[in-house]
Amino acid sequence: MAQVPQRFFDALAVRTWCGLSLRALGRAREEIDAINVYPVADGDTGTNLYLTLESAVAAVEAVFAAHELDDGAPEAADGPSLAETVGAMAHGALIGARGNSGTILAQLLRGMAQVLTARSGSRSESAHTEGPGLRLALRNAAESARQAVAHPVEGTVLTVASAAADAADDAEGDCAEVARAAYEGARAALAATPAQLPVLERAGVVDAGGHGLVTVLGALVETFTGQAPGPGAATVTHARVERREGVPPEASRAPGDEALAGECAVAEADRHDEPAFEVIYLLEAEDAAVTRLRQRLDALGDSLVVVGGDGLWNVHVHVDDAGAAVEAGVEAGRPHRIRITHFGHGDAHTAGTGRPPRERSRRAVVAVVPGEGLAGLYAEAGATTLLARPGEPPASGELVQAVRRAHAHEVVLLPNDAELRHTAAAAAEQARAEGVRVALIPTRSAVQGIAALAVHEPERRFDEDVVAMTSAAGATRYAEVTVAEHRSWTTAGICQAGDVLGLIDGDVAVIGADVAEVAATVLDRMLSAGGELVTLVLGDEAPGTVTEHLEARVREAYLAVDTVVHRGGRQGALLLVGVE
């Protein structure tokens, strides 16, 4: 069905483009996932691009919804401006960016938004831009994306974006002509990526992120022409690179490409020992702090991409020490929505190295955790983590994505929150429908998850492992110490806003004014029924002396009980307590 073409790049054109891009990526997602071999062959580039753009679309739709009249009919005079719409698009992509390619796509959209916002000005000025403005936007997008990557590599989405901007610079005319030129330039650059990046050449594929960008630019063409690029264009950007029999791949290289390919080959050789974790988080921080953060993360790992600005950033890096990467973010500002993925064995660049392509690992643990410190702790134990900030519980789709990223035949899912049980069950069912064997252990607290993870043995039979982990979690009583936000009736009586609450197994058991006293009372009640090990997880807002006080109390009153202390970060509760 033909799309009604847009004449200018205005708010409606942005909305149309985003919607068309999302549908196009939805159709191409599996093909893009299948050719994902760089920087890590984890088969999720198409999915990450789709989820990133889905977040952008949601933000754009929210802006339009805010400008609707009560009867649901839009009023042109009161509709969103171009600046509002592209700003929402960029912000939505930033906060929803997934993976390396999704993070770069977010910066591409932000780069466009910066130019379009500056040109559109206030609502009293021009509400749209034409061909010249779109050319500038594409150029700024390519340049800002390249600046966001610590060590740009040619033959990737960065190359494709630069080629699109170069082609657009040479185009004359309206937005349709500029978009078509950018698309054709990107398509040609994509076809050349195997000659620039040896890992692509040996796998016989084009760059997955570049393929995604070409798809998005194809949607831009459709926005202004009313027609998607025809089949003739698609054949050039087909994912698999066709080689003539008897002709070596090097024969197709342009003169001078050998030096570039050689440089890439050296870079690839340096990456044979691939980092074990992917760490992604949003960060509220000042520019100067982010500059220092880039330097620290660059020393910790690779595939570093930091995008954003104006106080909000999206950080992506591959590292061996996930905890250190998170701690660097804490030192720089306020990290949240932290996602840590354990790549597992086989995630290194295997194409053309004599090793088989990446295969699913036998078993993985996926856990929802409430704080940065716990995220690092779980990740170092080999789990794929999904951070749940207070008031921001993950949706079932996010849990499914975490299961996919774990890339295992068997997955043990730890929701670590009683309120997430149904969400986790829905995610488990969806993952099972995709062929993954999933066991949901109904952990109600992160300390129960720690107990389960401590007895996890991936080499034993799946059922035996699940039974052992379930038993360990069930044998762990859990509690938390927190502060009441408002006056309320509880199982321990009426509490006032600001009171310190001690909850045992989910019910309020103690109400007091002092954190240490409430925590000690909670611990005494839990240990009155016996126990061998106390786990204390201290939140950032808790007094630092609380754990020292509790450790001393255990030593004095419970001689046979051991105590372990962890730093949980911004976990919501002041203190989490587990008694095994």
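Reader: Ground rules before we start. What kind of model is this, and which pLDDT limits apply?

Author: It is a predicted model: local features need pLDDT of at least 70, side-chain atom pairs count only at pLDDT 80 or more, and totals for chains, interfaces and linings use all residues. Residues are numbered from 1 along each chain as its sequence is written, and side-chain values use heavy atoms, with hydrogens and water left out.

Reader: Fine. How many helices and strands does the protein chain have?

Author: The protein chain has 20 helices and 16 strands. Both are DSSP runs, numbered from the N terminus: helices are H or I with at least four residues, strands are E with at least two.

Reader: What share of the residues counts as buried?

Author: 55% of the 580 residues. Buried means under 20% relative accessible area, exposed over 50%, and partly exposed in between, with a 1.4 Å probe and protein chains only.

Reader: What about contacts between residues at least 6 apart in sequence? How many join residues at least 24 apart?

Author: 73% of them do. Contact means heavy atoms within 4.5 Å.

Reader: Switching to charges. How many salt bridges does the structure hold?

Author: It holds 27. A salt bridge here is a side-chain nitrogen of Lys or Arg within 4 Å of a carboxyl oxygen of Asp or Glu.

Reader: Which residue does E278 meet in a salt bridge?

Author: R405, at 1.5 Å from N to O. The pair links distant parts of the chain: E278 sits in strand β1 (residues 277-284), R405 in helix α15 (residues 396-406), and they are 127 residues apart.

Reader: Is that E278 buried or exposed?

Author: Buried, because its relative accessible area is 3%. R405 is buried too, with 11%.

Reader: Now D33 and R29. What distance does their salt bridge have?

Author: 3.4 Å, N to O. D33 and R29 are 4 residues apart in helix α1 (residues 11-34), so about one helical turn separates them. D33 counts as buried at 12% relative accessibility, while R29 counts as partly exposed at 24%.

Reader: And which residue does E457 pair with?

Author: R460, with the closest N and O atoms 3.9 Å apart. Salt bridges that share partners join R363, E410, R437, E457, R460, R461, D463, E464 and D465 into one network. E457 is partly exposed, with a relative accessible area of 45%. R460 also counts as partly exposed, at 22%.

Reader: Which residues gather in the patch of negative charge?

Author: D320, D321, E327 and E380, on the surface. Patch residues have over 30% relative accessible area and no salt bridge; like charges are joined within 9 Å, and nonpolar side chains (Val, Leu, Ile, Met, Phe, Trp, Tyr) within 5 Å. Lys and Arg count as positive, Asp and Glu as negative; His and the chain ends are not counted. Each charge is placed at NZ of Lys, CZ of Arg, CG of Asp or CD of Glu.

Reader: Where is E327 found?

Author: In helix α13 (residues 322-332). E327 counts as partly exposed because its relative accessibility is 49%.

Reader: Back to D33. What does T45 contact, leaving aside neighbours within four places in sequence?

Author: I32, D33, N36, S101, A208 and G209. T45 lies in helix α2 (residues 45-66) and counts as buried at 6% relative accessibility.

Reader: And L200, where is its place?

Author: In helix α8 (residues 198-203). L200 is buried, with a relative accessible area of 1%. Beyond four places in sequence, L200 touches several residues, including V37, Y38 and G155.

Reader: What is the phi of S303?

Author: Near 50 degrees, a positive value in a residue other than glycine. S303 is in strand β2 (residues 301-309) and is buried, with a relative accessible area of 18%.

Reader: Last one. Where is N416 found?

Author: In the loop between β7 (408-414) and α16 (421-433). N416 is not a glycine, yet has a positive phi of about 60 degrees. N416 counts as buried, at 8% relative accessibility.

Notes
Areas by Shrake-Rupley, 256 points an atom, 1.4 Å probe, with all protein chains shown as cover.
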